[in-house]
Amino acid sequence: VGTQPNVIATVDGVDVTTGTETAVGNYLVTTVDGTLTITKTVVDAPAADAEKEFSFTLKMTVDPSANSFSIDDLTAWIDTFLEAEEGIFDPDDQTAFLNAITDALLSGSKDPITITTEFKLKDGQSLVIPELAYGTIYEITEAGSEKYTAKSGEQTGTLGGDLTVSATIDGDVTVPFTNTYGKVGTLTLSKTVVDAPAEDADKEY
């Protein structure tokens with residue numbers, strides 16, 4: 001970058017000496033679409049639960065206010081719906097979602113656009129959503145299941161409670177859900193009184 005006499009230039013917060021030349025690097029910021037894979041592992045389950053299904057809700061959001069939002073988002077989502085396993089998304093929901101993205105591109109609307117689907121997984125199964133547009137925000141919620149505790153990465157739910165994981169697509173990502181079986185116990189409290197007088201035979205504590 002050339003500078004003119006008597007002009008002080010600043011590059012990345014650093015003053016450039018007047019009348020000298022300073023090399024400035026240009027960097028290309030790349031965005032990467034990705035495949036979302038959700039896996040299920042069940043630990044210590046009794047034989048009776050060998051075919052047990054665990055219920056999930058997946059919500060995916062496109063943010064038109066993001067700098068990366070472009071016609072590429074529409075193209076990527078068309079590919080996603082074409083390549084996704086049949087039955088994952090409701091056809092009417094797909095149409096409404098693509099129309100909303102198109103409208104945002106044409107009108108400049110900045111309102112978030114969301115599509116939601118529900119599915120179930122057994123031990124060893126997985127769900128794959130291909131070709132998701134860069135910047136897509138995904139939120140996966142596993143419904144609580146009695147006597148099981150769910151864990152995903154560093155997040156651990158409570159016994160029988162829901163567990164929600166969310167992040168943004170930037171390349172391929174795998175989100176593992178592990179459910180560990182844990183029996184629900186019974187707590188018994190008892191009271192023993194020693195050397196009490198007869199008149200305290202029915203005394204409550």
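**View 1. Strands S3 and S11 pair in the parallel sense over 8 bridges.** The model is predicted: local features need pLDDT of at least 70, side-chain atom pairs count only at pLDDT 80 or more, and totals for chains, interfaces and linings use all residues. Residues are numbered from 1 along each chain as its sequence is written, and side-chain values use heavy atoms, with hydrogens and water left out. Strands (E, at least two residues) and helices (H or I, at least four) are DSSP runs numbered from the N terminus; two strands pair if DSSP finds at least two bridges between them. Lys 40 stands opposite Phe 177 in S11.

**View 2. An open sheet of 5 strands has the order S6-S3-S11-S8-S9.** Its pairing is mixed. S6 (126-132) and S9 (155-156) stand at the edges with a single partner strand each, so one side of each has no neighbour in the sheet. Strand S3 (residues 34-43) pairs with S6 in the antiparallel sense over 5 bridges, and the bridge partner of Gly 34 in S6 is Leu 132. Strands S8 (residues 148-152) and S11 (residues 173-181) run antiparallel and are joined by 4 bridges. Thr 149 stands opposite Thr 180 in S11.

**View 3. An open antiparallel sheet of 4 strands has the order S5-S4-S7-S10.** The edge strands, S5 (113-121) and S10 (163-168), each pair on one side only. Neighbouring strands of this sheet are turned by 15° against each other on average, direction ignored. Axes here are lines fitted to C-alpha atoms, for helices over the stretch in contact, and angles run from 0 to 180 degrees between N-to-C directions. S4 and S7 (residues 137-142) run antiparallel and are joined by 6 bridges; the partner of Thr 57 in S7 is Thr 141. Helix H2 (residues 91-107) lies across S4 and S5, running at about 150° to S5.

**View 4. Thr 61 lies in strand S4 (residues 54-62).** Thr 61 has a relative accessible area of 13% and is therefore buried (buried means under 20%, exposed over 50%, partly exposed in between; 1.4 Å probe, protein chains only). Its side chain makes a polar contact with the side chain of Thr 114 at 3.1 Å. A polar contact is a pair of N or O atoms within 3.5 Å; within protein, one must be able to donate a hydrogen and the other to accept it, and residues adjacent in sequence count only if both atoms are side-chain atoms. Leaving out residues up to four places away in sequence, Thr 61 touches Pro 112, Ile 113, Thr 114, Gly 135, Thr 136 and Ile 137, contact meaning heavy atoms within 4.5 Å.

**View 5. The largest nonpolar core has 38 residues.** Such a core is a set of buried Ala, Val, Leu, Ile, Met, Phe, Trp, Tyr and Cys residues joined through side-chain atoms within 4.5 Å. Those with the most contacts inside this core are Leu 36, Ile 38, Leu 58, Met 60, Trp 77 and Ile 129. S4 gives the most to the core, with 5 residues. Apart from neighbours within four places in sequence, Ile 129 is in contact with Gly 34, Thr 35, Leu 36, Leu 58, Met 60, Thr 80, Ile 88 and Phe 89.
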